[in-house]
Amino acid sequence: MEKNGRKTMLKRMLILAVAIVFLFGIDAFRILYLQVAKGDEFKAKAESQQLSDTEVSAMRGTIYDSEGNVLAQSATVWNIFLDPSNIKDEETRNFVVDNLSKILGCNEEEKKEIYEKSKKKTRYVLVAEKIENDLKEKITKVMAKKENRKYKLSTIIGTEQTTRRYYPYGSFASPVLGFVGNDNQGLEGIESYYNKELTGTNGRIVTVKDSKGNKLPTDYETSIAAIDGNSLVLTIDQTIQYYLEKSLRQTLEEYQAKGTYGIVMDCNTGAVLAMSSLPDFDCNEPYKLTYNKNKKQISKLSDKKEKAQAESLAIQNQWRNFTVADTYVPGSVFKTFMTCAGLEENVVNLNTTYTCGGSIQVADRKMNCHYHPGHGTQDLTHGLMNSCNPFFITIGLKLGAHNYYKYFDAFGFTQTTGIDLPGEAAPQFYKEDQYTRVVLASASFGQSNSLTPIQVCTGLCAVANGGTLLKPYIVSEIKDAEGNTVKKTEPTEVRRVISEDTSAKVRKMMKAVVDEGTGKNGYVAGYSVGGKTGTSTKLGEFKEGEKTKYIVSFAAIAPADKPEIAMLIICDEPNADLGGGAICAPVAAQVVEQAMAVRNIEPKYDEKEAKTLSIKAPKVVGESVSGAKSRLKSNNLKCKIVGKGDKVLSQSPIAGSPIPSGGTVVVYTEKNMKKTVKVPDFTGLSVGEANSVAGEHGLNIEVKGSVGSSDVIAYRQSVDKGSQVEIGTVISVSFKNTHSVLD
């Protein structure tokens with residue numbers, strides 16, 4: 001019995017030992033498995049629970065204009081987040097939601113959204129993105145208040161530093177600059193093309209947390225500093241860009257066009273001084289529709305889906321830089337390049353004549369001149385001045401397909417320019433072996449082939465600068481975060497296209513186009529401006545029965561004798577049957593005048609121009625009335641007396657300010673007697689009518705623009721109609737020739 005009991009005990013002890021060994025074996029295997037097989041995984045999980053790894057956004061590089069004015073800049077902003085796991089009761093939740101909603105300016109729906117986020121089963125939920133520092137400071141103050149400590153807000157509300165892109169001038173040069181997305185990546189324009197250079201390297205802040213998830217003191221913190229992106233200095237001149245945009249915008253509205261576009265280049269370097277494509281957008285609000293014409297058209301759509309699609313397309317078109325990303329048929333502007341080719345190949349010279357009868361027969365095709373009665377017999381200069389199609393068809397046919405294509409290629413029209421902007425379109429053109437006589441004839445006056453505006457303007461620079469084709473560029477310098485120059489753009493010569501002699505001859509002919517031909521509205525007193533008008537029909541872009549759609553343009557160089565700038569102005573589908581001479585040349589004239597002043601080029605007036613110049617108003621304050629009358633009369637100025645005193649106390653215009661010869665100076669002989677008048681609308685008036693209306697209102701006008709013929713009207717004034725000004729004020733009124741051809 002005792003022996004059996006002992007055996008049973010030993011048996012039980014053995015079973016227990018085996019069990020213990022088995023269990024310890026399992027534990028040992030489990031430990032080994034966790035340490036070896038799963039070691040890295042659990043180590044990472046532990047670190048994620050113990051460490052807070054916060055990314056610090058690098059500042060995106062600044063974009064400057066050529067004078068150092070900031071066009072795009074990043075600034076520090078803040079994201080606000082919650083840790084809902086640390087909200088222990090409903091009182092705390094309501095306190096957090098109420099205060100955040102109030103500071104962030106939330107409506108009831110947005111407040112409800114924050115409340116729902118505060119209930120999520122997570123340690124991180126974003127409630128506000130990229131808020132300004134003043135709002136972040138308000139949140140910090142609420143968290144720091146003594147009476148709020150019971151809520152332990154520092155464990156619930158957190159802030160993250162990030163950056164936001166600002167464009168100080170809104171829509172200024174917006175298709176050139178582009179914009180960035182929510183992830184701070186460039187989406188259009190310079191922001192996109194130079195995204196790699198502008199984007200810096202983000203930093204990190206690694207903080208240790210305790211068992212409850214709270215951050216430990218900064219002794220446990222490790223940080224890696226962010227490296228800011230490089231900055232860009234553009235070739236864009238702010239003043240020239242401003243006047244280009246202003247004039248194009250007025251033209252866009254006046255003619256309710258589909259778009260207006262312009263490029264101004266330094267013809268001796270290839271630097272782009274100004275570039276605009278309208279309608280444009282506000283870089284700070286790129287998804288907002290801007291052009292009222294488009295808004296009205298879209299508002300008429302009843303189908304919601306169709307309406308949304310139309311609006312989306314219109315917004316995307318606002319981002320598009322037509323001058324680079326689209327092609328168009330250049331029309332008669334191309335005749336400038338044909339003139340160069342004809343002179344270089346000696347198929348024509350300045351004495352070559354052609355008799356235009358209004359049309360020309362080429363193979364089985366009759367091709368008309370825009371002037372159907374015909375220009376009669378004319379030399380090469382007058383052929384360009386009159387933009388005679390048959391004349392240039394004969395030049396093209398004399399050149400032949402080989403020589404035509406040789407210069408077409410030499411001017412850079414068979415490939416993209418390589419400008420540092422995204423989405424440059426490839427030209428669409430006939431290859432040398434595709435030119436029949438009819439195609440060659442059509443191409444000779446600017447039809448058939450489609451080019452980008454930047455190609456045409458770059459080719460124009462070669463015509464202006466003595467014959468050298470240059471690569472266009474828009475970024476002159478790249479600088480690092482410390483302001484050190486990383487890269488500087490130097491002018492790049494592509495090839496010589498024409499001789500200096502040919503360049504000089506064509507420049508002189510272009511000046512004649514402005515002085516006497518179809519480009520009279522490009523005239524600017526004191527500066528010799530060369531130009532060429534152009535019109536092309538937009539074939540295939542309208543339905544049967546619809547009105548023909550045109551794209552009109554004007555190319556300009558200035559000063560014509562020694563050019564500094566080349567310019568191309570385009571108006572797409574204006575609502576009037578007017579050519580580039582009436583619509584685009586006035587824009588070029590205004591920009592030329594401002595560009596010459598910016599580049600410190602002094603005007604040189606001929607004898608005729610000198611007679612029309614304004615003079616400085618003489619000082620008559622302090623003189624007797626009779627003495628003032630005598631002094632003003634001797635300066636060919638009239639005198640208007642206000643008051644019954646015998647001594648001049650004040651005058652308008654003030655002494656030293658410009659006043660047109662024959663104008664009126666208002667003199668006051670009593671205190672507090674100044675009179676004001678509402679500025680009339682001079683638009684549509686002739687020079688004589690404008691002077692008469694100005695006189696009736698006691699105002700002076702300074703006449704600007706093309707006034708060499710009788711059919712000119714006012715189209716722009718320096719002071720808006722309806723404005724209140726002092727009598728005697730001088731208002732600049734610009735006039736343009738209304739006689740225009742679709743050439």
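## Helix α13 against helix α17

Axes here are lines fitted to C-alpha atoms, for helices over the stretch in contact. The model is predicted. In it, helix α13 covers residues 335–344 and helix α17 covers residues 453–464. They pack at an angle of about 40°, and their axes lie 10 Å apart. Roughly parallel needs an angle under 35 degrees, and roughly perpendicular needs 65 to 115. α13 and α17 are therefore oblique to each other. Their crossing is left-handed.

On the α13 side, the contact uses Thr-336, Phe-337 and Cys-340. These meet Val-456, Gly-459, Leu-460 and Val-463 in α17. By class, the contact of α13 with α17 has five nonpolar residues, two polar ones and no charged ones.

## Helix α13 against helix α15

α13 also packs with helix α15, residues 389–410. Here the angle is about 70° and the axes are 9 Å apart. That makes α13 roughly perpendicular to α15. The crossing of α13 and α15 is left-handed.

From α13, the contact takes Lys-335, Met-338, Thr-339, Ala-341, Gly-342 and Glu-344. From α15 come Asn-389, Phe-392, Ile-395, Gly-396, Leu-399, Tyr-404 and Tyr-407. Sorted by class, the contact of α13 with α15 holds seven nonpolar, four polar and two charged residues.

Does the length of α17 agree with or depart from 1.5 Å a residue? Its 12 residues should span 16 Å, and its end C-alpha atoms are 16 Å apart, which agrees.

α17 is mostly covered, with 12 of its 12 residues buried. Among them are Val-456, Gly-459, Leu-460 and Val-463, which are also the α17 residues that meet α13. Pro-453, Gln-455 and Thr-458 are buried too. Just after α17, Gly-466 takes a positive phi of about 110°.

## Pro-279 in its loop

Where does Pro-279 sit? Its place is in the loop between β10 (272–278) and α10 (292–299). Buried means under 20% relative accessible area. Pro-279 has a relative accessible area of 13%, so Pro-279 is buried.

Which residues does Pro-279 contact, leaving aside its neighbours within four places in sequence? They are Leu-252, Lys-258, Gly-259, Thr-290, Tyr-291, Asn-294 and Gln-318. Lys-258 is 21 residues from Pro-279 in sequence. In space, the two are 8.1 Å apart, C-alpha to C-alpha.

Terms used
Residues numbered from 1 in each chain as written. Predicted model: local features only at pLDDT ≥ 70, side-chain atom pairs only at ≥ 80, totals over all residues. Heavy atoms only, no water. Axes fitted to C-alpha atoms, helices over the stretch in contact; angles between N-to-C directions. Helix = DSSP H or I, 4+ residues; strand = E, 2+ residues; numbered from the N terminus. Parallel < 35°, antiparallel > 145°, perpendicular 65-115°, else oblique. Left-handed = near helix turned anticlockwise from the far one by under 90°. Contact = heavy atoms within 4.5 Å. Nonpolar A, V, L, I, M, F, W, Y, C, P; charged D, E, K, R; others polar. Expected span 1.5 Å × (residues − 1). Buried < 20%, exposed > 50% of the residue type's maximum accessible area, 1.4 Å probe, protein only.
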